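I want to look up how the ligand is held and how the protein around it is laid out.

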Amino acid sequence: MNKGFIFDLDGVIVDTARYHYQAWKKVAQQLGITFTLQHNEALKGVSRLQSLEILLSLGNIKKTETEKQALARQKNEIYLHLIENLSPQDVLPGVHSFITNTHNQVIKIALGSASKNAAYILKKLGIAHLFDARVDGTMVSQAKPNPEVFTKAAHLLGLAPENCLVFEDAEAGIAAAQNAGMKSIGIGNSTTLYQANLVVSGLDKLTVKQALNLLNSY
Ligand code: B16
Ligand code: MG
């Protein structure tokens, strides 16, 4: 079949979003910035450096490029420490069977993540082999909502954008899918992800047939 499903990582396959939040919260505290779960929504799916820019603007704080690099590095060290014990048990409910059923339907599978830690995380989760292609933060120059990550994934799968369906938990990711000319399924809250073609709370609440019907509809 000439169709592809492109999965975001953080928040769709594994709940690392809460560790990103905890790591940024520590950096924010150090800088004297108030940072809430609501603020964190704007950082989801966004690159590390751009997340830092958002954080700094919340506190109206200016930093030099060198200081920004150091803060981003510090956040990543905290984050890596928090995900140290990630294991196959951390794969979110329904993900394994959804991906296996996708394979059984001969639909191609790609990862489309903003994270530079994506390869490491997939390895820890023991699911790297399930993907036909992987595009992550080390391979793109433009962050979501720019469509680059998904356009590249479609290219690697050898598929046209209109034949790809994106699964995303972030507002910026749904916008990136739209900008790539792809339909999307939001994973999470329908208020935040209202621009998606469909929103479910998790992959355990969706069948491959439903997703395929959405991709094939106009
Ligand atoms: P890193 P996704 C994104 O991953 C996260 O949602 C976002 O919070 C994070 O800032 C970004 O990756 C960069 O991650 O610091 O590990 O390179 O949701 O696109 O899979
Ligand atoms: Mg995400």
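Predicted model: local features only at pLDDT ≥ 70, side-chain atom pairs only at ≥ 80, totals over all residues.

I started with the make-up of the shell around ligand 1: seven charged residues, six polar and four nonpolar.

Which residues come nearest to ligand 1? I get R48, S113, S115, K116 and N117, out of 17 residues around the ligand.

Next I checked backbone contacts. A backbone N or O atom of G45 lies 2.8 Å from an oxygen atom of ligand 1. For V46, I find a polar backbone atom 2.7 Å from a ligand 1 oxygen. A114 also puts a polar backbone atom 2.7 Å from an oxygen atom of ligand 1. As for cover, ligand 1 has 470 Å² of accessible area on its own, and the protein covers 98% of that.

Where does ligand 1 sit? I looked through the pockets and found ligand 1 in the largest pocket.

Then the domains. I have the protein divided into domain 1, made of 4–15 + 88–216, and domain 2, which is 17–83. How far apart are the C-alpha centres of domain 1 and domain 2? They lie 24 Å apart. I also looked up the contact between the two: 14 residues of domain 1 touch 15 residues of domain 2, counting heavy atoms within 4.5 Å.

Last entry, back to the ligand. I wanted to know which domains supply the shell around ligand 1. Domain 1 and domain 2 each give at least three residues to that shell.

Methods:
Residues numbered from 1 in each chain as written. Chains lettered and ligands numbered in written order. Heavy atoms only, no water. Near = heavy atom within 4 Å. Polar contact = N/O pair within 3.5 Å; in protein donor to acceptor, adjacent residues only side chain to side chain. Areas by Shrake-Rupley, 256 points an atom, 1.4 Å probe, with all protein chains shown as cover. 1 Å grid on protein atoms, 1.4 Å probe; cavity = no way out; pocket = protein on both sides within 12 Å on 5 of 7 lines; lining within 4 Å. Sits in = over half its atoms within 2 Å of the grid points. Nonpolar A, V, L, I, M, F, W, Y, C, P; charged D, E, K, R; others polar. Domains from an automatic or database assignment.
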